[in-house]
Amino acid sequence: MLYLELFIPAQILDLMERLESRGFEAWTVGGCVRDQLLGLPPHDWDLCTSATPEEIAQVFEGFPLIRAGEKHGTIAVITHKQPVEITTFRTEGGYGDHRRPDWVHFETNLREDLARRDFTINAMAYSPLRGLADPFGGQADLADRILRAVGQPEKRFREDGLRILRGVRFTARFQLTPEAETCAAMSTLAPTLAALARERVYAELCGFLPAARVEDFGTFAPVILAAIPALTPTLGFQQHNPHHIFDVYTHTAHVVAAVPPTLSLRWAALLHDVAKPACFTQDDDGVGHFRGHAHLGAKMAREILQQLRAPRALEDRVATLIAYHGVTRDLGRLPGDKPLRRLLRRLGEEVLWELLALDRADDSGKGTPSDPAAFDRFEASLRQLLAEQPCLTTRDLAISGRDLLQMGLPQGPILGRILQTLLEEVGDGLLPNTPEALLHRAEGFLDLL
Ligand code: ATP
Ligand code: MG
């Protein structure tokens, strides 16, 4: 074996040396070894050891410890204000509830511990004293960019269905190709995802989406559809439209991969056409139409994200993006900027930039030559409008509710409504945003009361 030296931060080495000096083996293990072999900075450092939890606690007497995972063999030691998980070599059995192992056994042997891990690339351990432990060929698989289950794939995915989604995430994140048997087992056991806690499915999908490639949607179609069953009708759904060469599912894959990798945009791309099959009609010429699919899609996206227990703010943003998708092209084709001003007031600048990114990706994902002219015009108009420092909320108006009260207008919701009307008129360019003009206009309301 080539001599291999991986960098380990001093505070982690210190923990390892404390264990070793008491006669226990100590290894860095799992994701941090994988990331280092890839030349990526690990985001956390996990250790495994031959010491039992009781012995770990003794070695780190005087350190703050988190002992919540002790039953499963894990003690977190706080060092330099960071918790570092130290886990006793262990094997585990049966995932009756698809969440937690029914039992864990502590082992004295590192190999046993590595054998319970999900994929070969995650089943390596490293110690500066002992070198790289890689009994399942993880280093070679990493070099060849292969995702391979440790042991019999079907058995491993049956034990824990979450591994299927982890596999999809790692494949995308590290640009892997799943080995044939591993891939087949992921598809075969995809239906077991239905038994997983929705929060976990959501978390894995959030890990997958920013890294997702078009081909991952092809390779893992059964898994993706099992995770989000509402997308099932999109697979193979032909659009009967000269501008679209792909079915809805494949088009979706292209749009996901083309939008910037933020969660809101990736989720919006994933779900933007979810309602197309339900909204499909064909005209006399055989051309397909999907009237109302943006509106219904926004509604379906809310339901899907609620079921997955996604944060409300993400749900709101994704639903807005889907409800309005396509609008930047429509506005880019219209003369004048009044509708754009209204949209900017209603949705705000950030959403409009995201919408533009979604619409551009949507267009580029049709598989036919795209025409960015309308989007370019929309973008130019938006930039120009923003440069004018437009009045977007009633707080941007040159007068406030207090000024209206001083004029003699009564306290109450009427004040808000008057400010809103002034905002619309300023926004539409009918009224300059100056105190004089606004107060003069407001006097008109006094007469109406
Ligand atoms: P990430 O970079 O996302 O943290 P990771 O591989 O470190 O990736 P963790 O969830 O932190 O993932 O898990 C650490 C290690 O524990 C993994 O590398 C793997 O060896 C093992 N592991 C985690 N989850 C499972 C699982 N469901 N089944 C088997 N082994 C697992
Ligand atoms: Mg990790």
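**Entry 1: strands**

I looked up the bridge partner of Thr-28 and found Tyr-126 in S8. Strands here are DSSP runs (E, at least two residues), helices likewise (H or I, at least four), both numbered from the N terminus. The model is a predicted one, in which local features need pLDDT of at least 70, side-chain atom pairs count only at pLDDT 80 or more, and totals for chains, interfaces and linings use all residues. Residues are numbered from 1 along each chain as its sequence is written, chains are lettered from A and ligands numbered from 1 in the order in which they are written, and side-chain values use heavy atoms, without hydrogens and water.

I then followed strand S1 (residues 26-29), which runs antiparallel to strand S8 (residues 125-127) and is joined to S8 by two bridges. Two strands pair if DSSP finds at least two bridges between them. I noted an open sheet of seven strands with mixed pairing, in the order S3-S4-S5-S2-S1-S8-S9. Its edges are S3 (65-66) and S9 (131-133), each pairing on one side only.

**Entry 2: ligand 1**

I counted 15 residues around ligand 1, the closest being Arg-34, His-43, Asp-160, Arg-163 and Arg-169; a residue is near if one of its heavy atoms lies within 4 Å. Helix H7 (162-173) and helix H2 (31-37) each supply at least two shell residues, and H7 gives the most, with five.
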